[in-house]
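Please keep the sequence and the structure in view while reading.

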Amino acid sequence: MKQLNDQALAGVSGRGGIYLSGDISINEDGGPIQNTYFGSCSEAEKRCGARLAYQLKQGGGWMVLDDFRGMFAFEGLTLRVRHVDSGFGGDGALFNGDVLEVGLPNVVRYDAVNFKVATSSTARPTDPGFQQTDIFAIEMQGDVVLEGNLLVFPSGNP
């Protein structure tokens with residue numbers, strides 16, 4: 001290593017942001033919810049996973065990713081802030097703000113990842129009047145190639 005003067009340092013470029021690698025296990029042993037829909041999560045055939053519920057419009061029904069569990073591993077996921085002031089069919093100039101850029105890793109490895117896509121009358125199975133219709137179930141095992149970036153545009157006031 002040697003010290004660099006300002007002129008030499010001006011010729012050096014770096015990459016800003018965060019570089020992440022790791023593996024994540026989600027509800028591998030099931031979850032705590034117990035009711036007539038799920039049964040007891042301690043029963044092997046009734047294992048519960050995590051639940052992500054989102055409402056598409058105020059007062060509307062709910063879409064859910066339900067019974068989410070399994071493990072996935074990745075190497076090279078990047079996070080950084082990017083300024084958008086052009087592109088997007090002219091909308092970038094109107095936006096003129098910062099977004100979160102998630103650089104997708106080349107390969108994501110899935111190990112026994114399962115979840116259901118469903119509609120629901122309520123956000124939580126424990127809410128009164130809960131009814132859920134499972135649309136389809138997904139099971140993933142193996143490698144998936146992901147390329148490109150995911151931009152997260154903020155909305156509202158922080």
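Two strands count as paired if DSSP finds at least two bridges between them. The model shown here is predicted.

**Strand pairing**

Strand β5 (residues 107-120) and strand β6 (residues 132-145) pair in the antiparallel sense, over twelve bridges. Within this pairing, valine 113 has methionine 140 in β6 as its bridge partner. Strand β5 also pairs with strand β3 (residues 62-84), again in the antiparallel sense, and here there are ten bridges. Phenylalanine 74 is found opposite valine 108 of β5.

**Salt bridges**

How many salt bridges does a search of the whole structure find? The search finds six. The table lists three of them, with the distance between nitrogen and oxygen.

| Residue | Partner | N to O distance |
|---|---|---|
| Aspartate 67 | Arginine 69 | 3.2 Å |
| Glutamate 101 | Arginine 80 | 2.8 Å |
| Glutamate 101 | Arginine 82 | 2.8 Å |

Glutamate 101 takes part in a salt bridge with arginine 80. That pair links distant parts of the chain, since glutamate 101 belongs to strand β4 (residues 97-103) and arginine 80 to strand β3, 21 residues apart. Glutamate 101 also forms a salt bridge with arginine 82. Arginine 82 is in strand β3 and glutamate 101 in strand β4, so this pair ties together parts that are 19 residues apart in sequence.

Salt bridges with shared partners also join Asp67, Arg69 and Lys116 into one network.

Glutamate 101 has a relative accessible area of 5%, so glutamate 101 is buried. Aspartate 67 is buried because its relative accessibility is 8%. Arginine 69, at 17%, also counts as buried. Partly exposed covers the range between the buried limit and the exposed one, which is over 50%. Arginine 80 is partly exposed, with a relative accessible area of 37%, and arginine 82 counts as partly exposed at 28%.

**A nonpolar patch**

Which residues form a nonpolar patch on the surface? They are Leu4, Leu9 and Val12, and together they have about 270 Å² of accessible area. Leucine 9 is part of helix α1 (residues 6-10). Its relative accessibility is 47%, so leucine 9 counts as partly exposed.

Note on methods. Residues numbered from 1 in each chain as written. Predicted model: local features only at pLDDT ≥ 70, side-chain atom pairs only at ≥ 80, totals over all residues. Heavy atoms only, no water. Patch = residues over 30% accessible without salt bridge, like charges linked within 9 Å, V, L, I, M, F, W, Y side chains within 5 Å. Areas by Shrake-Rupley, 256 points an atom, 1.4 Å probe, with all protein chains shown as cover. Salt bridge = Lys/Arg side-chain N within 4 Å of Asp/Glu carboxyl O. Helix = DSSP H or I, 4+ residues; strand = E, 2+ residues; numbered from the N terminus. Buried < 20%, exposed > 50% of the residue type's maximum accessible area, 1.4 Å probe, protein only.
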